[in-house]
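The entries follow the order in which I went through the model.

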Amino acid sequence: MATVLLVEDDPAARQGLELALRRLGYGVRAAGTGEAALRDVRDAAADVVVLDVMLPGLDGFEVCRRLRRGSDIPVIMLTARDDDLDIVGGLEAGADDYVTKPVEPRVLDARIRAVLRRTTRTDSPAETYGELVIDRGSLIVRRAGQDVSLPPTELRLLLVLSGSPRQVFSREQLLSLVWEHDYLGDSRLVDACVQRLRAKIETDTSQPRYIQTVRGFGYRFGPV
Amino acid sequence: MRTRLIIAFVVVALLAAIASSWFHTLIESYHLPGWLDGLVRGPGWLRNLVLTYAGRPPLQPARHTALVFFGVEAGVLLAVIITAAIAASRPVLLPVQRLARAAQRMAGGDLSVRIQPRGRDELAQLVTSFNGMAAALEDKVGELERMEARARQFAGDVSHELRTPLTAMTAVTDILYEHPGLAGDAATAARLVHTEVLHLNRLVEDLIEISRFDAGTAQLVTDDIDVAAVMGRCLRARGWTDVSADVPAGLIVRLDRRRFDIILANLVGNALRHGALPVTVTAGLQPDGQGGTRLTVAVRDHGDGLPPDAIPHLFDRFYKADTARARSEGSGLGLAIAWENARLHGGHIDAGNHRDGGAIFTVSLPVNGHPAAVSGQMVQLTG
């Protein structure tokens with residue numbers, strides 16, 4: 001049974017979402033502010049954070065950034081659909097995925113399960129590409145000997161791309177393979193995630209060796 | 001106006017000429033002082049000129065000579081009269097033309113037009129009145145525009161606020177609905193609440209979408225999309241397997257995939273709900289006559305067609321052509337949103353009736369198509 005840390009300031013929405021998540025079979029801890037959420041995560045581990053963007057005090061983006069500094073815990077943003085600043089801001093802060101409010105419980109459930117699935121392990125030997133070492137068995141990624149900490153979505157993106165080196169994946173395909181979104185998913189999710197991944201594994205992000213852009217088509221791993 | 005003035009001048013001149021000729025007959029035998037005599041009978045040298053050429057006793061100049069002189073004199077006078085008429089009409093006509101041009105510019109939308117009045121006559125008064133009217137109109141229209149902007153802002157704000165209580169309700173409504181302990185009225189009540197909460201969600205979402213168009217914050221997120229693939233998935237995702245679509249394979253265009261899906265889903269949904277089967281969808285690329293290409297998608301049904309007086313209002317917000325069908329699954333904003341989505345792409349949607357019956361909606365979007373990718377092979381997507 002996975003544990004969800006729910007961060008939502010509106011009391012009715014918090015109560016409703018907590019109730020829905022419990023009925024879906026999750027353990028739930030609820031926080032009404034970003035500060036409370038950060039304290040909670042320090043005290044006890046959670047499996048996934050569902051984080052509202054609009055919070056009093058520390059806003060959702062800042063909470064996400066601080067969460068990311070310490071861990072790879074999956075983060076799903078709860079956004080209002082005012083404008084796309086919410087979505088882009090969340091992605092840049094390091095969120096794995098987002099849902100828009102009001103959200104139906106089954107949709108939230110699907111997103112949580114998809115994000116938790118991203119960290120499934122396989123039995124394969126470690127693969128080396130130049131300075132990069134990818135171990136699918138232990139889900140450890142190393143660059144120039146150093147461990148690279150990757151949240152589940154970035155990790156899964158790297159695994160999918162490197163699983164078929166040189167093959168071009170379209171944004172649409174990646175949305176389906178990595179995020180399990182339907183064909184209408186927002187391709188900016190992919191772009192933002194690629195940028196974050198490059199920042200961690202590329203020596204020179206302006207000339208990426210591992211995650212390459214193929215204009216008009218999508219992305220591919222290598223050739224290194 | 002000018003012609004009328006010229007005619008008036010010429011008529012007056014003719015009457016004056018006839019009157020003076022009568023006058024001449026009357027005073028013929030009178031002896032007039034020199035200057036008056038010259039004025040009435042013509043100067044002495046002119047009479048001598050006539051006599052010299054005629055070469056006849058003074059009282060009977062040759063007929064044809066007299067006619068010639070008369071012709072010349074009449075011609076000169078006519079020219080003078082017409083010039084005088086035109087000159088006299090200019091100060092009247094010029095301001096009138098300026099007024100007409102100003103009124104035209106105002107009708108075209110420029111309410112800041114004003115004219116400088118000259119002088120103090122009736123025309124100047126007309127110009128001053130015109131300026132006053134234009135100023136009043138500009139103020140009124142400005143006020144109306146501000147009111148409309150406030151109303152749209154309000155609609156957007158209200159929808160945003162509605163989202164918060166809706167979040168809690170959406171999260172728990174199915175708990176009520178699925179509760180096994182409820183029976184009879186309570187079960188019906190729970191089911192109603194469940195459906196209406198979801199309906200409200202859709203309405204709020206549509207309202208927010210529309211308010212984004214109004215506020216100018218709607219953005220295009222474009223990608224190279226395979227038209228046949230996107231259209232096929234649009235139909236299959238909604239279970240519309242009895243809609244037939246003829247779309248060229250391999251047609252790749254640069255569009256906003258989500259918005260394109262919304263347009264298509266709305267048109268096909270309407271065709272199925274308000275029209276009748278068979279519903280067909282066709283797509284293709286067409287040159288736009290200016291060196292570019294357009295993607296044209298036509299959705300046609302075989303129902304009763306659109307009532308002609310409804311057609312100009314179809315894309316209005318909350319317009320319901322059939323008032324008996326006041327209750328619908330949609331929000332009443334579907335076509336308005338589709339229209340705005342097309343417009344955001346720089347395209348448009350036309351609605352009309354097919355000549356063989358049924359309604360037909362045609363979407364036209366400017367794209368940079370890859371004609372080379374069109375394999376010429378039509379793909380049957382469903383059915």
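Predicted model: local features only at pLDDT ≥ 70, side-chain atom pairs only at ≥ 80, totals over all residues.

Chain B, strands. I looked up strand E2 (residues 243-248) of chain B and found that it pairs in the parallel sense with strand E4 (residues 279-287) of chain B over four bridges, with Ala245(B) standing opposite Val281(B) in E4(B). I then followed E4(B) to strand E5 (residues 293-300) of chain B, where the pairing is antiparallel and runs over eight bridges, and where Gly284(B) stands opposite Thr296(B) in E5(B). E4(B) and E5(B) form a hairpin with five residues between them, and in the turn I noted Gly289(B), which has a positive phi of about 80°.

Chain A, sheet. Here I found four strands in an open sheet, in the order E6-E7-E8-E9 (chain A), with antiparallel pairing. Strand E6 (127-129) and strand E9 (146-148) of chain A stand at the edges with a single partner strand each, so one side of each is left without a neighbour in the sheet. The twist averages 25° from one strand to the next. For strand E7 (residues 132-135) and strand E8 (residues 140-143) of chain A I recorded antiparallel pairing over four bridges, in which Leu132(A) has Arg143(A) in E8(A) as its bridge partner.

Contact between chains. I found 26 residues of chain A in contact with 25 residues of chain B. On the side of chain A that touches chain B, the largest share, eight residues, comes from helix H1 (residues 11-23) of chain A, and the residues of that side divide into eleven nonpolar, four polar and eleven charged.

Definitions and conventions:
Residues numbered from 1 in each chain as written. Chains lettered and ligands numbered in written order. Pairing = 2+ DSSP bridges. Helix = DSSP H or I, 4+ residues; strand = E, 2+ residues; numbered from the N terminus. Contact = placed C-beta atoms within 7 Å. Nonpolar A, V, L, I, M, F, W, Y, C, P; charged D, E, K, R; others polar. Axes fitted to C-alpha atoms, helices over the stretch in contact; angles between N-to-C directions.
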